[in-house]
Amino acid sequence: MDGRRLDELRPIKLEVGILDKADGSAYIEHGRNKILAAVFGPREAHPKHIALADRAVVKCRYHMAPFSTDERKSPAPSRRELELSKVIRESLEPSIMSEYFPRSTIDIIIEVLQADAGTRCAGITAASLALADAGIPLRELVAACAAGKIDGKVVLDLSDIEDKKGDADLPVAYMPKSNAIGLLQMDGSMTEEELKQALDMAINACKTIYDMQRDALRRKYHIERDDSETEEVAEVKA
Amino acid sequence: MEGLTVLAERKQLVGPGDVLAEGPYFAGENTYREGSKIFASRVGMADVIGNKLIVMPVKGAYIPRMDDIVLGRVFDIGMSGWQVDIYAPYPAMLPASETPMHRGRDSVRHDLRSIYGVGDLMIAQVIAFDRTRDPLLTTKGRGLGKVTSGRVARINNTKIPRVIGKKGSMITMLKKETGTDIIPGQNGVILVTGRNPDQELIAVEAIYMIEREAHTTGLTDRVKAMILERMKGITVGQ
Amino acid sequence: MSATHQPSPVAKLEQKTVRDLILKGKRIDDRGPLDYRPLTIMLGTVEKANGSAQVYLGKTKILAGVKVQVGTPFPDTPNEGILTVNAEFVPLAYPTFEAGPPDENSIELARVVDRGIRESKAIDLAKMCIDPGKKVLVIFVDVYVLDHDGNLIDAAGMAALGALISAKMQAFEVKGGEIKYKDTKIPLPMQNYPVPITSVKLDGSIIVDPCLEEEQVMSCRLTVTTDKDGNVCAMQKGGLGVFTPEEIKQIISSSVNKSRELREKILSKVN
């Protein structure tokens with residue numbers, strides 16, 4: 001509807017490490033979505049009784065700012081936000097090597113500053129970067145994107161207007177290295193064929209987004225090679 | 001594909017999920033093996049030592065190791081010792097029996113407070129830490145104990161080796177050029193003691209500069225130049 | 001119910017460093033007692049909201065959003081629109097900020113920012129009436145703290161002001177008690193520009209715009225909000241320490257003065 005091809009992503013901008021007090025952070029603009037993700041941890045478990053003996057507890061909070069939507073939204077968490085907090089955690093937790101930090105917690109916080117459909121996917125993309133920025137050991141990054149259906153056609157990355165008019169919405173979170181899907185939801189109506197097509201479309205988009213994530217990390221942490229000064233560093237660590 | 005990848009060979013910046021090698025290699029720090037391949041788990045510089053792959057991380061939580069010298073702040077006093085915040089995911093404990101002043105008699109709470117109160121800073125050594133319990137500290141040892149003067153700088157613990165430098169070259173230069181004594185804790189907390197606060201401030205600024213530019217070349221020279229410039233306005237040893 | 005806050009998570013030695021420097025007339029980041037940290041103001045960052053402003057004050061980062069919607073008026077002011085200010089200390093901003101209903105600190109901040117805007121009559125609420133007694137426009141100001149490095153009140157006040165003065169709403173006319181929107185966008189009926197200035201007392205010295213380390217060591221703070229004519233429209237003292245009357249007068253003078261500089265900076269962004 002906005003002049004894109006059926007399988008074209010909205011413009012994406014990623015920035016890593018923009019907050020000072022968070023251990024890791026990332027900011028994403030995906031279409032008109034503007035989302036901030038931060039990570040604290042690993043840190044001491046609060047309250048103590050939730051701590052696990054063999055790995056870290058991962059907590060995730062997805063929340064929308066009152067001014068992020070067309071109608072002002074009350075700051076109190078809605079049922080939708082609570083549901084999304086859960087599925088987002090379940091898409092990110094598999095990538096976290098939480099067994100390295102028993103009896104601690106890793107907190108992931110996603111705040112939607114402006115929403116335009118696809119916020120949970122953009123949130124996951126940013127949160128995964130925030131986890132990497134925090135130096136938390138990960139198997140790999142997680143990228144996410146949604147596909148859907150409008151006017152009988154399978155289409156990638158619906159914007160808000162398209163979503164409201166559309167027939168189906170399929171958000172997907174994907175880990176390219178493991179070829180694994182960590183988040184999958186669907187609402188609407190699609191034939192089996194359409195669904196498979198949409199799934200492939202979303203996965204391909206995730207691969208593209210994954211490259212953008214790696215690029216964002218590279219831009220933040222470019223390293224100039226210097227053998228003379230870093231040789232000692234290697235010895236200390238080993 | 002057998003052997004090292006370009007990333008590992010050329011000591012490039014890698015991120016979680018990047019392939020470092022395939023074949024008969026060992027997965028060292030911040031890497032993991034899956035099938036025949038070795039992957040990075042954190043953002044950092046890849047390196048090869050013999051046939052072991054490691055990643056030197058750019059950022060991350062401090063995980064205590066045996067014998068580490070750390071700087072910590074007392075945040076609670078218990079029956080037989082102090083709880084110390086060593087800026088790690090786990091709170092540390094200094095038992096009264098591990099202080100040089102302990103004479104083996106029953107410790108009463110108010111006796112403990114006269115040695116260390118809440119908010120006191122100390123230099124201690126880690127004597128025990130494993131997956132099942134919090135780190136244990138001692139202050140029996142040369143140079144360990146309460147810190148009563150000086151200025152504190154806090155940087156990411158991954159940058160401490162850079163502050164020390166190859167064979168101590170960086171820290172020796174810092175001490176000499178600023179006229180201060182510098183004690184780096186492995187947990188990223190550094191104590192700077194000088195005869196006047198201006199010297200301490202310059203040393204602290206130099207430390208933060210090293211943290212910001214740790215990934216660049218020629219750092220020692222640039223830091224030295226910065227210090228010399230700043231020291232021009234200072235009368236040393238007031 | 002309000003309870004004494006937990007002790008500062010800062011080592012005594014670090015607190016001593018801030019204090020020692022203050023006694024020598026210096027600050028931990030080399031500023032003068034009346035210097036603000038570097039200030040960056042960006043307007044309109046959330047295009048979907050009616051108005052928005054992002055303020056970076058040193059490392060403190062605050063985003064304020066303004067939404068204008070139809071609502072019912074308060075019974076005692078049937079002809080006026082409604083202003084409501086809310087603040088969220090979002091968990092991403094600081095390790096100890098927890099998710100949940102606003103705590104006493106974020107409520108105090110929201111009410112102080114609100115007081116400044118309301119008492120200076122910054123918004124002409126009479127122009128926001130649609131159907132007296134039945135329908136009015138409600139202005140929601142939501143202050144979102146994104147990164148806490150001290151002096152949230154001033155940054156929040158400036159962000160709220162920036163969001164309000166750059167806000168755009170659909171032009172409307174009222175016909176027979178019904179609101180009819182027109183094609184054009186108009187700004188909110190702003191007629192004043194309140195700016196809060198916060199000073200803290202630290203070992204007898206008064207300094208402005210405390211950074212986080214200074215806030216953790218201060219004995220008390222005084223926020224003075226001034227309007228465009230140099231009139232004080234709101235004040236708030238916080239913290240367990242005390243001020244002498246002379247100190248208060250001194251702070252009021254310096255705040256009135258300082259607010260001019262900051263107000264100009266904010267207004268210059270709207271064009």
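Below is a short chat about a predicted model with chains A, B and C.

Me: How many bridges join β3(A) and β5(A)?
Reply: There are nine bridges between β3(A) and β5 (residues 104-114) of chain A, and the two strands pair in the antiparallel sense. If you want a spot to look at, find A:Val39, which stands opposite A:Ile108 in β5(A).

Me: At roughly what angle do α1(A) and α2(A) cross?
Reply: Their axes cross at roughly 45° and come within 10 Å, with α1 covering residues 79-92 of chain A. The two helices are therefore oblique to each other. The crossing of α1(A) past α2(A) is right-handed.

Me: Which residues of α1(A) and α2(A) meet there?
Reply: From α1(A) you have A:Leu84, A:Ile88, A:Ser91 and A:Leu92, and they meet A:Arg120, A:Gly123, A:Ile124, A:Ala127, A:Ser128 and A:Leu131 in α2(A). By class, this contact has six nonpolar residues, three polar and one charged.

Me: Switching to the contact between chains A and B: how many residues does each chain put in?
Reply: Chain A contributes 35 residues and chain B contributes 35 residues. On the chain A side, the elements giving two or more residues are β3 (33-44), α2 (119-133), α4 (192-220) and α5 (227-237).

Me: Which of them gives the most?
Reply: α5(A) does, with eight residues. As for the make-up of the chain A side that touches chain B, it has 16 nonpolar, four polar and 15 charged residues.

Me: And what domains does chain B have?
Reply: The domain assignment gives domain 1 (3-57), domain 2 (69-147) and domain 3 (151-231). Taken over C-alpha atoms, the centres of domain 1 and domain 2 of chain B are separated by 38 Å.

Me: How do α5(B) and α6(B) pack?
Reply: Helix α5 (residues 197-212) and helix α6 (residues 219-231) of chain B pack at an angle of about 155°, and their axes are 10 Å apart. That angle makes α5(B) roughly antiparallel to α6(B). Here too there's a handedness to note: α5(B) passes α6(B) in a right-handed crossing.

Me: What kinds of residues make that contact of α5(B) with α6(B)?
Reply: Nine are nonpolar, none is polar and one is charged. On the α5(B) side they are B:Ile202, B:Ala206, B:Met209 and B:Ile210, while α6(B) brings residues including B:Leu219, B:Val223 and B:Arg230.

Me: Where does chain C come in? How many of its residues are in contact with chain B?
Reply: Eight residues of chain C are in contact with nine residues of chain B. The chain C side has four nonpolar, one polar and three charged residues.

Me: Last one: in what sense do β9(C) and β10(C) pair?
Reply: β9 (residues 195-202) and β10 (residues 205-208) of chain C pair in the antiparallel sense, over four bridges. C:Ser199 has C:Val208 in β10(C) as its bridge partner. Their hairpin has two residues between the strands, and C:Asp203 there takes a positive phi near 50°.

Conventions: Residues are numbered from 1 along each chain as its sequence is written. Chains are lettered from A and ligands numbered from 1 in the order in which they are written. This is a predicted model: local features need pLDDT of at least 70, side-chain atom pairs count only at pLDDT 80 or more; totals for chains, interfaces and linings use all residues. Two residues are in contact if their C-beta atoms, placed from the backbone, lie within 7 Å. Ala, Val, Leu, Ile, Met, Phe, Trp, Tyr, Cys and Pro count as nonpolar, Asp, Glu, Lys and Arg as charged, and the others, Gly among them, as polar. Domain bounds come from an automatic or database domain assignment. Axes are lines fitted to C-alpha atoms, for helices over the stretch in contact, and angles run from 0 to 180 degrees between N-to-C directions. Angles under 35 degrees count as roughly parallel, over 145 as roughly antiparallel, 65 to 115 as roughly perpendicular and the rest as oblique. A crossing is left-handed if the near helix is turned anticlockwise from the far one by less than a right angle, and right-handed if clockwise. Two strands pair if DSSP finds at least two bridges between them.
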